[in-house]
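I opened my notebook to look at how two protein chains meet and what holds their parts together. Here is what I looked up, entry by entry.

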Amino acid sequence: MRGKRNLLGAPRAPLAVSGAGLVSAAGVGIESLRSALDRERSGLGPLHPTGEGPTGPWREEPLDPGGMGGQVPDAALAAWRGLRREDDRAVPLAALALEEAVRGPGEPVPRTGLAMGTALGASGAFEVLLGREGAEEIDVLGEPSIGFEAYLARLAECLDDALGGRGASPEPLSIFSMTCVSGLCALEQAAADIALGRADRMLVGGADTLTAFMYGGFHALSALSRSGRLRPFDTKHDGILIGEAGAFIAVEPLDRARARGALPAGVIAGQRLVSDAIHMTSPDIEGKAMARAIRGALDDAGLGANDIGCITVTAAGSAVYDRMQSAAVERALGPEAAASIPVTTWESATGHALAATGILGIVHALLVLRSGRMTPLPAPEEPDPACRIRPVTGAPRALGSPCVLALTVGFGGQNGASVVTSPDLAADIAGGRGGAP
Amino acid sequence: MIDGIGIAASAEARDDPRASDWPFLQRPVPRLRPEDFPGRWNPRRALPPDLDPLPGAAAMALEDAGWWRRGSGEGCPGALVVASDRASFIPGARFVRSLREGVSPGPSDFLFALPSSAAAVLGMLFGLTDYQATAVGGPRAGRIALGHALDLLRLGRHERILVAALGVVPGSGPPLRLAAALCLRQGAARYPVEVELRGDEIRLERTAGEGGKRLPAGARSASWAFQDMAPRPLACAARWLEGAEVEGNDRSP
């Protein structure tokens, strides 16, 4: 099965995930997400003013009185040991996750690079600049603190520190901005960097902060929930809840990870990104592009619908995205599989985490594989009849097969599908077992 | 490997002395109108001015490659990788300022403050659905985008990719805006060259096989105007290839 050309092009070599890190409204560390999901505890709540100094930009009032979202506590970011006065909030948010992903057993890996995804980068710098007396909009073109270049360089410095402070910038370095699939674009580049021999291991992440810029943007799109309740697959939904997060994974070839004594938590066996290209914000409700992404990711992995133990979805409370993902699963896997494969999410704990979403979905898939169970979604008051997939509700469910299909959606019609398996299943496939067609 | 090239400068950039060293930049780019994209763009909405002149450069490259026909409404099979250095910053600043001043901004005000909206618009206009990515990172974004596209082709992940870059730098009046685009494909293409990135340098080498174009004798560097801008590596390739002469009818898709 492996090596077969699919609809979209050649498959990608599987990547072992040898480390993962997360900072979100659920807390600092990947265990905070597990704990929040197990206890059905949400990090979502009323928005609070952000603190003065590097965890700012400082503001006296909440972003939106009465607004809800997923903010990381300032104290958690301020406690980061590498924090500098001039750092934007986006730096500690990403750096804490990056450091966690680098940690782990095994021999050090000298050739480690960084690929990053973010929708707005250090967007607080806009607010700081425009808050200055006499600042003009045009000034942003010459302001070094604004821009992705400075953000990437600062994160490269953080990675170097986390690797022991060799004083040399990690290479290769890249940064992408593609709404909520930004991190998956970075992963595509990281996979190429490894496949083409430029790096032995890549740190891949996504991060965005909940600044006035970001929150105001979703407010302008009239996309936000006013009730503050996340209601996926529910006709009673009233919009999405967004949250800030930084999510990172360390990826490398499975055989190399095992040879150096690392303990991979899972393997990204396939991934595809396909775009609708029909609207600036809304998805194709028929899910055609997402279905192509799902089929492509499964082809990459050499697996079929019968191998999937669980589907994780981007379930932020948007009816059109719920329906699109449901239609795509049906279209790609068939109505029977769509009605039987359990569906879960992590977004009830974190909110929709913007550019961190794609990598956060992979981190969540690793937690599902490790625990062998799926946590329930908030039970719909009135299940949306247009959604024919099967969300887990009520109580956790055991995972039947060590293979998670993680779906990521981003506005502008961006669709990502990633297949994450246990290391043993990946080794079986590589050994020629193949998957069910 | 290269099937089409496109270069475009905003009206202000054509008058800027920094762009005077490349006559190609002085040519007015054929104006794109919503009618050029039937069924793909709302005919009552103008193309977004914050992206100017990126759609023009992309259209020029796609027409040069024979991948797209103006007014047909048909999509091009292929992927899209965009580079954006600072183009989203001014709409971003405008958006943040309106929030600060208590003015309620509209959805488009936010959308065009995102660097990814350039790719979203090009994807819609030309129907490039296979994959979309936007490289950012200031002037280095063009190198990241071109490298990304070359890697995807080399690994066989995609067969045809439009790489397009939009660059904005401050000018004496309005900012100088330039864009460049290349249509890249696996295997033999209309321009018989191989493209390679070594560090920050782009290298173009003639391929031994038959190509559809006769290439000019020597390479020239891109206009000085492109220094410190994301489109620079694409513009370097385009400047070398602009003198290529068509041999026969080789415009079939």
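**Entry 1: salt bridges overall.** I began with the term itself: a salt bridge is a side-chain nitrogen of Lys or Arg within 4 Å of a carboxyl oxygen of Asp or Glu. Side chains of opposite charge can pair when their charged atoms come close. With that in hand, I looked up the total, and the structure holds 39 salt bridges over all chains. I also noted that this is a predicted model.

**Entry 2: a link across chain A.** I picked A:Asp38 and A:Arg373, whose side chains meet in a salt bridge with N and O 3.3 Å apart. A:Asp38 sits in helix 1 of chain A and A:Arg373 in strand 12 (residues 373-374) of chain A, so this pair ties together parts that are 335 residues apart in sequence.

Entry 3: A:Ser32 has 11% relative accessibility, so it counts as buried, the cut-off being under 20%. A polar atom of its side chain lies 2.5 Å from the backbone oxygen of A:Gly29. Leaving out residues up to four places away in sequence, A:Ser32 touches A:Ala26, A:Gly27 and A:Arg41.

**Entry 4: where the chains meet.** Next I turned to the contact between the chains. Chain B puts 55 residues into the contact and chain A puts in 61 residues. Together the two chains bury about 4800 Å², with 65% of it on carbon and sulfur atoms. I then looked up the polar side of the story: 18 residue pairs are in polar contact between chain B and chain A, counting pairs with both residues at pLDDT 80 or more. Which elements of chain B give two or more residues to the side that touches chain A? They are helix 4 (89-100), helix 5 (107-111), helix 6 (117-126), strand 3 (132-135), helix 7 (141-154) and strand 4 (160-169) of chain B. Helix 4 of chain B gives the most, with 10 residues. By class, this side of chain B has 31 nonpolar, 13 polar and 11 charged residues.

**Entry 5: an arginine with two partners.** Between chain B and chain A I found a count of 4 salt bridges. One example is A:Arg198 with B:Asp151, where the closest N and O atoms are 2.7 Å apart. A:Arg198 also meets A:Asp193 in a salt bridge, at 2.6 Å from N to O. A:Arg198 counts as partly exposed, at 33% relative accessibility, while A:Asp193 is buried, at 3%.

**Entry 6: a salt bridge inside chain B.** I looked up B:Arg94 and B:Asp50, whose side chains meet in a salt bridge of 2.7 Å, N to O. B:Arg94 belongs to helix 4 of chain B and B:Asp50 to the loop between helix 2 (23-26) and helix 3 (54-65) of chain B, so the pair ties together parts that are 44 residues apart in sequence. B:Arg94 is partly exposed, with a relative accessible area of 35%. B:Asp50 is buried, with 18%. I also noted a network: salt bridges that share partners join A:Arg12, A:Glu188, A:Arg272, A:Asp300 and B:Arg157.

**Entry 7: strand 4 of chain B.** Why is this strand described as largely enclosed by the rest of the structure? The reason is that 10 of its 10 residues are buried. In a regular strand the side chains alternate between the two faces of the sheet. Both faces of strand 4 of chain B are covered, with residues including B:Leu162 and B:Val168 on one side and B:Ile161 and B:Val163 on the other. I then checked the neighbours. Strand 2 (residues 79-84) of chain B runs parallel to strand 4 of chain B, joined by 6 bridges, and B:Leu80 has B:Leu162 as its bridge partner. Strand 5 (residues 176-185) of chain B runs antiparallel to strand 4 of chain B, joined by 10 bridges. These two form a hairpin with 6 residues between them, and B:Arg160 stands opposite B:Arg185.

Technical notes:
Residues numbered from 1 in each chain as written. Chains lettered and ligands numbered in written order. Predicted model: local features only at pLDDT ≥ 70, side-chain atom pairs only at ≥ 80, totals over all residues. Heavy atoms only, no water. Contact = heavy atoms within 4.5 Å. Buried area = accessible area lost by both parts, 1.4 Å probe. Polar contact = N/O pair within 3.5 Å; in protein donor to acceptor, adjacent residues only side chain to side chain. Helix = DSSP H or I, 4+ residues; strand = E, 2+ residues; numbered from the N terminus. Nonpolar A, V, L, I, M, F, W, Y, C, P; charged D, E, K, R; others polar. Buried < 20%, exposed > 50% of the residue type's maximum accessible area, 1.4 Å probe, protein only. Pairing = 2+ DSSP bridges.
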